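I opened the model to look up the ligand site. These entries record what I checked.

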Amino acid sequence: MADYDYDVLVIGAGPGGYVAAIRAAQLGLKTACAEGRETLGGTCLNVGCIPSKALLHASEYFEAAKGGAMAAMGIKVTPELDLPTMQGQRLDAIKGLTGGIEFLFKKNKVDWLKGYAQFKDAHSVEVAGKTVTAKNIVIATGSSVTPLPGVEIDNEGGVVVDSTGALELASVPKKMVVIGGGVIGLELGSVWRRLGAEVTVVEFLDQLLPGMDGDVRKEAAKIFKKQGMALKLGTKVTGVTVAEVNGGKSAKVTVEPAKGGDAEVIEADVVLVSIGRRPNTEGLGLGNIGLELNARAQIETDHDFATKVDGVWAIGDVIPGPMLAHKAEDEGIAVAENIAGLTGIVNHDVIPGVVYTQPEIAGVGLTEEAAKERGAIKVGKFPMLANSRAKTNHEPDGFVKVIADAETDRVLGVWCIASVAGTMIAQAAQAMEFGATSEDIAYTCHAHPTHSEAIKEAAMAVTGKPIHM
Ligand SMILES: Cc1cc2nc3c(=O)[nH]c(=O)nc-3n(C[C@H](O)[C@H](O)[C@H](O)COP(=O)(O)OP(=O)(O)OC[C@H]3O[C@@H](n4cnc5c(N)ncnc54)[C@H](O)[C@@H]3O)c2cc1C
């Protein structure tokens, strides 16, 4: 057998790659991870999940202090925004967590190869001018922002930014246009709206949050409108121009109904382009190993995360499936276990998704629409307004919906809009992973008073017998 420098070489140190590298090392495999970015942690820790949550959390406090929520509880304050400090705590969070991954690499003896890796053949890559060989190579190169044709992004103090630029704004825009009503656009749009911007979201489809349950999408739109976001649904952007105005820069976004009709111009100090993300495969030298991409420019794998090329594996945003950090992490563990000869499995039917706005929006499993296409279903719904904790906390918006198979009662999907929906959805995912029925959830004792009781009540509603409604 050929001698290799490593048993496993992972390309990319995002949540997929760094987790794969750590688990491979834990399993006794000699492991390296190539990462071109200055810090470990990938999109998630540097410009994704963590920095966006740092700003969402802080801006949520600001908004609560500014008006409704805190005043309703008898706390009256007039908050003052200190944006540099708010941005500073975002950078602190990134620094602490990316440094934590570096510590974990050292602790687990994973070698960090600093630089971008390119395949020379199926068992060797070039990183920073050096050739490194490995018996197994895992591609975990993640994804980057999808550009809008004809629209140039300028994250260095420019007017048209992507999600990275929108995280780093040095002042609150007066008017912000968000192109794309998906998770990232709504989260970052919410941050700047809470801090004082007038935000308009332009979405091509007839509704926000593509891929989520229909009821949830409708309710979410109502809530965002109530919060003061202007929504232009079923609307397409046909052009963005930037001009000098009074020594500064300003954008004009031209939109028209997606189905055709009169054009309209919306002015903005900042335009966020958030129409999706695309896999990072350019420059990897995939041609050198004969690995082809699918029609969506993703790398296809089998259930074990092996590609068609022997010894080459792939995980995370670069392969099909939802572009989510926890999906990438689970695939990272599974691929390492498969490489080590164990059985690594990810159940792609049970991957929760969360929008970290206020209220949070979360779901796992099938939407009602998708479940109906498969056969007869029963649906139980329970409003957060009838949940004692949510009501007491002045958080009346939202509902929980449990979708079960009409014949077997097995839970097929759970959807929540609630202040802590992202935390609540974990119990639904676990129940589904154990093959629970709605009755199993309904007869599980839930602590009182908690928001999670709404999941129990929605499960009881599947058979038409909720108590508090
Ligand atoms: C603003 C924003 C908010 C988000 N919020 C959430 C959230 O709340 N929850 C959630 O689950 N997901 C969220 N996501 C998505 C999440 O960040 C991704 O799904 C996740 O990071 C994917 O992990 P990954 O390991 O596949 O790739 P990535 O995290 O993209 O990491 C890939 C790494 O590979 C490196 N790389 C690429 N090519 C090479 C090469 N040739 N050689 C060496 N290194 C290379 C890159 O520099 C990068 O660091 C968010 C994304 C964004 C942009």
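The entries below cover the ligand shell, its contacts and the record annotations.

I am working with a predicted model, where local features need pLDDT of at least 70, side-chain atom pairs count only at pLDDT 80 or more, and totals for chains, interfaces and linings use all residues. Numbering runs from 1 along each chain as its sequence is written, and side-chain values use heavy atoms, with hydrogens and water left out.

Shell. I found 38 residues around the ligand, a residue being near if one of its heavy atoms lies within 4 Å. The closest are Glu35, Thr43, Lys53, Ala117 and Ala325. By class I get 17 nonpolar, 16 polar and 5 charged residues, with Gly among the polar ones.

Elements. Helix 2 (42–47) is one of those that supply at least two shell residues, and its 4 residues are the largest share. Helices here are DSSP runs of H or I with at least four residues, and strands are E runs of at least two.

Contacts. I looked for polar contacts, meaning N or O pairs within 3.5 Å. A ligand oxygen is 2.8 Å from a polar backbone atom of Gly16, and a ligand oxygen is 3.3 Å from one of Pro15. A ligand nitrogen is 3.4 Å from a polar backbone atom of Gly36. The protein buries 94% of the 1000 Å² that the ligand exposes when taken alone (Shrake-Rupley method, 1.4 Å probe).

Record. The unreviewed UniProt entry places "binding site" at residues including Lys53, Ser143 and Ala325; such annotations may be inferred rather than shown by experiment. I located Ser143 in strand 7 (residues 143–145). Ser143 counts as buried because its relative accessibility is 3%, and the cut-off is under 20%.

Technical notes: Polar contact = N/O pair within 3.5 Å; in protein donor to acceptor, adjacent residues only side chain to side chain. Buried < 20%, exposed > 50% of the residue type's maximum accessible area, 1.4 Å probe, protein only.
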